[in-house]
Amino acid sequence: MGVVLNEEKLALIARFEHLTGAGSRDVITDEENDRLIFIVNNGEMGLAIGKQGANIRKAAETLGKRCEVVEYSDDPTQFLKNCFHPAKVTEIQYSDYHGDQIAHVVIKDEDRGLAIGKAGKNLNRTKMIALREHNIQNIILE
């Protein structure tokens with residue numbers, strides 16, 4: 001599939017990097033939830049958030065939308081764990097369904113609500129990002 005960035009997304013990434021100092025490889029605009037989701041380079045999550053959340057707050061104020069960050073990983077399993085953070089993932093297995101890669105994710109019972117989010121917002125975000133970054137067509141919580 002591959003990630004394709006248009007001029008608007010490149011401009012958002014450049015502004016985010018300027019505001020936070022953290023490198024970003026992708027941004028997803030979620031109009032339905034009025035937020036921007038930045039996929040930051042591996043190891044730069046702390047820089048993106050900043051001391052006591054100062055950098056991410058500054059980015060949200062400047063860009064005029066809620067900003068969320070997920071740390072990228074080349075490893076799909078680690079990437080999914082990063083997407084669900086702070087919910088605790090205990091296991092991830094993959095299956096193939098008619099050529100589509102499906103991730104079966106086991107979340108600690110006490111973290112299921114956090115992983116799903118209000119009206120499924122967090123789970124939908126993770127599905128959107130996993131498809132875009134690692135071509136995982138669906139995620140099933142178990």
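In which loop does P86 lie? In this predicted model, P86 belongs to the loop between α4 and β4 (89–97), and the peptide bond that leads from H85 to P86 is cis, with omega near 15 degrees. Most peptide bonds are trans, and most residues other than glycine have a negative phi. The passage below sets out the overall fold, then the largest pocket, and finally several individual residues.

The chain is built from six helices and six strands, which follow one another along the sequence in the pattern α-β-β-α-α-β-α-β-β-α-α-β. The radius of gyration of the chain is 15 Å, close to the 14 Å that the globule rule gives for 142 residues, so the chain is as compact as a globular protein of that length. Taken along the principal axes, the box filled by the C-alpha atoms is roughly 40 × 35 × 30 Å. Of the 142 residues in the chain, 44% are buried. Among the contacts with a separation of 6 or more, 54% are accounted for by residues 24 or more positions apart.

The largest pocket holds about 350 Å³ of space and has a lining of 18 residues, of which E68, V69, H85, P86 and R125 lie nearest its centre. At least two lining residues each come from α2 (45–49), β3 (66–71), α4 (76–84), α5 (112–116) and α6 (121–134), and β3 gives the most, with five residues. When the lining is divided by class, 11 residues are nonpolar, three are polar and four are charged.

Two residues other than glycine are described here for their positive phi. Q52, whose phi is near 55 degrees, is found in the loop between α2 and α3 (54–63), where Q52 is exposed, with a relative accessible area of 73%. N135 also has a positive phi, of about 55 degrees, although N135 is not a glycine; this residue is found in the loop between α6 and β6 (138–141) and is partly exposed, with a relative accessible area of 35%.

Within helix α6 itself, E133 is buried, because its relative accessible area of 11% falls under the 20% cut-off. The side chain of E133 is joined to that of R25 by a polar contact of 3.4 Å.

In strand β4, Q93 is partly exposed, with a relative accessible area of 46%. The C-alpha atoms of Q93 and A103 are separated by 5.8 Å, although these residues are 10 residues apart along the chain. A103 is also one of the residues that Q93 touches, together with I102 and H104, when residues up to four places away in sequence are left out. Through its side chain, Q93 makes a polar contact of 2.4 Å with the side chain of E91.

Conventions
Residues numbered from 1 in each chain as written. Predicted model: local features only at pLDDT ≥ 70, side-chain atom pairs only at ≥ 80, totals over all residues. Heavy atoms only, no water. 1 Å grid on protein atoms, 1.4 Å probe; cavity = no way out; pocket = protein on both sides within 12 Å on 5 of 7 lines; lining within 4 Å. Points joined across faces, edges and corners; volume = space filled by probe spheres on them. Helix = DSSP H or I, 4+ residues; strand = E, 2+ residues; numbered from the N terminus. Nonpolar A, V, L, I, M, F, W, Y, C, P; charged D, E, K, R; others polar. Buried < 20%, exposed > 50% of the residue type's maximum accessible area, 1.4 Å probe, protein only. Polar contact = N/O pair within 3.5 Å; in protein donor to acceptor, adjacent residues only side chain to side chain. Rg over C-alpha atoms; globule rule 2.2 N^0.38 Å. Contact = heavy atoms within 4.5 Å.
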